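Keep the model open beside you as you read.

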Amino acid sequence: MAAGPRVEFVQIGEVDLAADLGVTPVVGNELLWARAQVVAACAAARIRPPLAAASPVIDAPKAFAVKTRQLTGLGFFGRACIHPRQIAPAREGMAPTNAEVDAARDVLAAFDAAGGAAATDSAGRLIDEAVARIARRTLTRLSGASA
């Protein structure tokens with residue numbers, strides 16, 4: 001489905017899926033397999049990363065931000081919001097930390113200095129195109145979180 005000719009991105013209706021599967025969220029990772037499948041399908045189809053699902057949680061901004069950060073770590077990009085009070089914690093959860101931004105800039109500076117060839121960052125870790133792509137995505141999250 002993700003590879004369809006007019007598909008630009010996909011998103012899971014997690015509450016609907018949980019109801020259809022008979023899943024009762026207790027631990028919080030009950031839909032991990034489905035989430036991973038959607039992220040992988042988007043990558044395989046070379047379309048935008050999926051938008052993280054909407055949540056019925058409205059009055060727990062810290063929990064919403066933490067869950068958004070976890071979903072971002074799984075490969076989702078952005079978060080669907082169903083209430084205005086979710087916007088700020090969604091941005092907070094999507095935004096990279098200062099340490100992540102600094103590390104991404106370090107990676108890209110070393111990679112660019114090596115002319116796009118394999119290099120090492122200031123911590124001595126190997127940098128290749130895949131590592132540089134992750135760093136670029138981190139910086140994209142920085143600009144996306146402030147939009």
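**Exercise 1.** In this predicted model, find how far apart the closest N and O atoms of Asp121 and Arg125 are, and say how accessible each residue is.

*Solution.* Start with the pair: Asp121 and Arg125 form a salt bridge, and their closest N and O atoms are 2.9 Å apart. Next, look at Asp121: its relative accessible area is 7%. Buried means under 20%, so Asp121 is buried. Finally, Arg125 has 49% relative accessibility and counts as partly exposed.

**Exercise 2.** Where is Glu14, and which side chain does Glu14 meet in a salt bridge?

*Solution.* First, locate Glu14: helix α1 (residues 14-21) holds it. Then find the partner: the side chain of Glu14 meets that of Arg35, at 2.7 Å from N to O. This pair links distant parts of the chain, since Arg35 sits in helix α2 (residues 32-45), 21 residues apart from Glu14. Both Glu14 and Arg35 are buried. Leaving aside neighbours within four places in sequence, Glu14 also has Leu31 and Ala53 among its contacts.

**Exercise 3.** Check whether the span of helix α5 (residues 98-113) agrees with its number of residues.

*Solution.* Count first: α5 has 16 residues. At 1.5 Å a residue, α5 should therefore span 22 Å. Now compare: the end C-alpha atoms of α5 are 22 Å apart, which agrees. Just after α5, Gly115 has a positive phi of about 70 degrees.

How values were computed
Residues are numbered from 1 along each chain as its sequence is written. This is a predicted model: local features need pLDDT of at least 70, side-chain atom pairs count only at pLDDT 80 or more; totals for chains, interfaces and linings use all residues. Side-chain values use heavy atoms; hydrogens and water are left out. Helices (H or I, at least four residues) and strands (E, at least two) are DSSP runs, numbered from the N terminus. The expected span of a helix is 1.5 Å times one less than its number of residues. Contact means heavy atoms within 4.5 Å. A salt bridge is a side-chain nitrogen of Lys or Arg within 4 Å of a carboxyl oxygen of Asp or Glu. Buried means under 20% relative accessible area, exposed over 50%, partly exposed in between (1.4 Å probe, protein chains only).
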